[in-house]
Amino acid sequence: MRHAQRGGYTAAERERRERLRLKTAERFEDGESTRDIARDLRVSERSVGRWRAAWQQGGLEALRSKGPVSREKLSAAQWTRLEAELARGPVAHGFADDQRWTLARIKTLIGRLFYLGYTIEGVGKLLHRHGWSVQVPVQRALERDEEAIIAWKEQVWPEVKPPRRTWAPTSASRTRQVRG
């Protein structure tokens, strides 16, 4: 992923970064070195160098934020409707085998409701951007057998698991036998 937020910077983070770039423009005008600016602002010299080149070519406007990397395909009204449909549950939309929303099912639902194509990764980013997260069951399954799990971990897993490779010096080059 390009950004830690999975899907781009938030509006607040874009604003903060833009202020940082604009602050560097003042220092460029004062003739400060790239190294000093990078050290003081705690950014890489490479970033400051890119900002300096952009500033020299386009002035302050070149340092302003250009907005989010990707524009959302769903409008605010469509998102509201999608949330309402998700609240109705998977069974209401023909997914009768269980009561879980998966990214693939939500992708299908978006296609059915709005005739829009999203990738599964795009659906994940969309949901994350709107504050949705992966859900984990509150309680464990009634059928869970703790004794069987412990026995499997102690007896079966060691037999199935491949042995750990030990560290040993190796060579990346092939060697050929010397002809005699």
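His 93 is buried, at 12% relative accessible area, where buried means under 20% relative accessible area, exposed over 50% and partly exposed in between (1.4 Å probe, protein chains only). This residue is found in the loop between helix 4 (76–88) and helix 5 (103–114). Apart from neighbours within four places in sequence, His 93 is in contact with Glu 85, Arg 88, Trp 101, Leu 109 and Arg 112; contact means heavy atoms within 4.5 Å.

The structure is a predicted model, in which local features need pLDDT of at least 70 and side-chain atom pairs count only at pLDDT 80 or more, while totals for chains, interfaces and linings use all residues. Residues are numbered from 1 along each chain as its sequence is written, and side-chain values use heavy atoms, with hydrogens and water left out.

**Overall fold**

The chain has seven helices and zero strands, and from the N terminus on its elements run α-α-α-α-α-α-α. Helices (H or I, at least four residues) and strands (E, at least two) are DSSP runs, numbered from the N terminus. Of the 180 residues of the chain, 23% count as buried. Among contacts between residues at least 6 apart in sequence, 47% join residues at least 24 apart.

**Helix 2 and helix 3**

Two packed helices are described by the angle between their axes and the distance between the axes. Helix 2 (residues 34–41) packs with helix 3 (residues 45–58) at an angle of about 120 degrees, and their axes are 8 Å apart. Helix 2 is therefore oblique to helix 3: angles under 35 degrees count as roughly parallel, over 145 as roughly antiparallel, 65 to 115 as roughly perpendicular and the rest as oblique. Axes here are lines fitted to C-alpha atoms, for helices over the stretch in contact, and angles run from 0 to 180 degrees between N-to-C directions. The crossing of helix 2 and helix 3 is right-handed, a term for the near helix being turned clockwise from the far one by less than a right angle (left-handed if anticlockwise).

Helix 2 contributes Thr 34, Arg 35, Ile 37 and Ala 38 to the contact, and helix 3 contributes Glu 45, Val 48, Gly 49 and Arg 52. By class, this contact has three nonpolar, two polar and three charged residues. Ala, Val, Leu, Ile, Met, Phe, Trp, Tyr, Cys and Pro count as nonpolar, Asp, Glu, Lys and Arg as charged, and the others, Gly among them, as polar.

**Salt bridges**

A search of the whole structure finds 14 salt bridges, each being a side-chain nitrogen of Lys or Arg within 4 Å of a carboxyl oxygen of Asp or Glu. The table lists examples.

| Residues | N to O distance |
|---|---|
| Glu 32 and Arg 27 | 2.7 Å |
| Arg 39 and Asp 40 | 3.7 Å |
| Asp 98 and Arg 105 | 2.9 Å |

Arg 39 is exposed at 53%, and Asp 40 is partly exposed at 42%. Through shared partners, salt bridges join Arg 27, Glu 32, Asp 36, Arg 39 and Asp 40 into one network.

**Helix 6**

In helix 6 (residues 120–129), the buried residues are Gly 122, Val 123, Gly 124, Leu 126 and Leu 127. These buried residues pack against helix 4 and helix 5. After helix 6 comes Gly 131, which has a positive phi near 85 degrees.
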